[in-house]
Amino acid sequence: MIGVILAVGDSSYVDLSRGDPGPTVSLGTGVLRLIAEWAGILCVSALVYVAFLQVRSGRERTVVENIAELSVVRVSALVWTLTGGGLVVFDAADANGVTLERVLSPGGLPYLVSAMDLPKAWILVTVAAFIIFCGAWWTRSWTTTLVLAAVAVLALISPVLVHQVLVGPGHDFGSDLATFGVPAAGIVIGVPIVLILVTARGFGLPPRTLRRARALLRGAWAVAFAVEIGLLLFKTVLLRFALTPTAGLIAVRLLVLLLVAALASALIARLLDASSPDASRAVALRHLWPLALTAAVYIGVTVAMTRTPPPQYFMRVSAMEVLFGFEMLKTPTLAILFGEWRGNILFAVVGAVAVILYLGAVIRLRRRGDAWPVGRTVAWVLGWAVIVFATSSGFGSYSGPSFSIHMMVHMGLNMFGPVLLAMGGVVTLLLRATPPAKRRDVAGPHEWLIDIIGSPIARLVFDPILVFLVFVGSYYALYLSPLFEEAMRFHWSHQLMNIHFLVSGYLFYSLIIGVDRPPRPLPHLGKLGFVLAAMPFHAFFGVIVMTSTTLIAGNFYAYMRAPWHDDLLADQHLGGGIAWAAGEIPLLIVVIALCLQWARQDDREAKRKDRHLDSGVDEDFDAYNDMLKHLADRGRLQPQQPTASAQRKDTGS
């Protein structure tokens, strides 16, 4: 890596029309990035190990102990925090092409950080790593460990998503590929080293841990290798620039991934054959240096790639390609909106995985002899079909330059898709399809899911007041502030906005008509009030947009200059009408569905009580009859008191 930096010299800065910040900044940035990559990969891998690979049995099988794996998390997170903070300064100088003295001058760092996105990403990494460092000292919950792992993954991909994959034609594909590839490659590189560190400290690894690690590494390797092929095509513009340093560095990473897979497989196989903890420790130490050296080569090549501008940097692109990665020059007719697709890799992959897992769970239930309603399966599949259609069809492509089409996609992700997903009952299905572990057995997916459902985090996420405020308030906070314009400028932020639409809609409708029981279920009357309270806010937002004379994200749409877009304000008014109509219609449908559910539940409850009474096993009914019988018997057994006239006759009066 250092050799690449020295060989490149100032040529990369000249190619990017930047000043040369000097060898201190250039070498310092590279070294800090190398250490940060190591720390981030080990931190993510150690958290993944603690959450999914470490086996615990008995009543405390979802309790995380303060053991060696958490010490790896703490040390790596601390190093990650320090190097991330250093890279805020060094990358501010490197990305702007200025010396370190200029950055450290009064007011220099805030100004230079605001000018570039990479230093901002390192601020996020620094904060996230410090949160992980603090959390690793007190966490004892599996759910908290899972949250820390998610934060670590977010920190790992943040500097990547704002760098080379965000530039050039097709960068929407490159960004989505990196979202999957960076964590997968980190697991492939880091998990075997974590296994070695744990074994070397005298902690024996049970066979189930090793088998889980082997399955995880195989899946992660397949994802990482496929992503590397995709990035090779993206960065070399479909191999038009195959004879470039970038292509050679990616080829080296592909070879290293193959070598790591072979070494990790051999390590796990020999650990499974080891007869004692001492033998396992010897096996681990023998494999430490080959795996560490191979990982160092991969990380070094990765850092060298960040110092070498890829070919797609220098492609001539239009304003649309700068913002979205592709052009939309045709007028968006119905044929184009429905017929011309550009796959959104993120939502397409997540949707495909979600449908496959759901159908697999249904098949497993039916093989076991249990039934699962067909309607729920249809709802789940249709829900993801709506989401993929909204993001990958012409509607998804044209949602960037057209506010009205964007609002259609928004409604699909926030209204129609989540309604169907909530009716799918995926949590109930997974609980029924995954077998519970025996009392003394180790935790598995069933126990993990139960732990998530009963956690304080789940209760917070499904809090009705919070869900309502996020679902309703997001419209006003996003579109009536500069946040929407900022979110539309980058592919990663656009994807994050779409994820927010989907998640907030799913949480809202899960509380109302969802099949799964939330941590804090609402009564039927509360559900109805929940929906009726949201309807005026949607209508009011639509009216605001329809009657506004100020353009929402006006600079963004003006900069794009779509040739078929001649009246931005009229398009915005159309978007407001779509928000009003498309927002009210699903809510009305939900009200009708909720009333039907209410009626059916009351009918089922009445029938259940009738069957209970007819069977003669109702305790309250029997107790009431026993009381009446007891009173009647007591009346018959009690002696009759003589009347006053009878007493006078007896006394002769």
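Reply: Gladly! This is a predicted model, where local features need pLDDT of at least 70, side-chain atom pairs count only at pLDDT 80 or more, and totals for chains, interfaces and linings use all residues. Residues are numbered from 1 along each chain as its sequence is written, and side-chain values use heavy atoms, leaving out hydrogens and water.

Me: Which helices each supply at least two residues of the lining of the second largest pocket?

Reply: They are H2 (11-15), H3 (23-53), H4 (68-96), H7 (118-138) and H13 (319-324). A pocket is an open set of points on a 1 Å grid over the protein atoms alone, with protein on both sides within 12 Å along at least five of seven lines; lining residues have an atom within 4 Å of a point. Helices are DSSP runs (H or I, at least four residues), numbered from the N terminus.

Me: What is the volume of the second largest pocket?

Reply: About 890 Å³. Of its 34 lining residues, Arg18, Met116, Val162, Val167 and Tyr313 are the closest to the centre.

Me: How many cavities of 30 Å³ or more does the structure hold?

Reply: Rolling a probe the size of a water molecule over the atoms shows where empty space is left. In a cavity, a 1.4 Å probe fits but cannot get out. This structure holds six of 30 Å³ or more. The largest cavity has about 380 Å³ of space, and among its 25 lining residues Val160, Val182, Leu231, Arg253 and Thr302 are the closest to its centre.

Me: Which helix gives the most to the lining of the second largest cavity?

Reply: H24 does, with four residues. That cavity has a volume of about 250 Å³.

Key:
Grid points are joined across faces, edges and corners, and a volume is the space filled by probe spheres set on the points.
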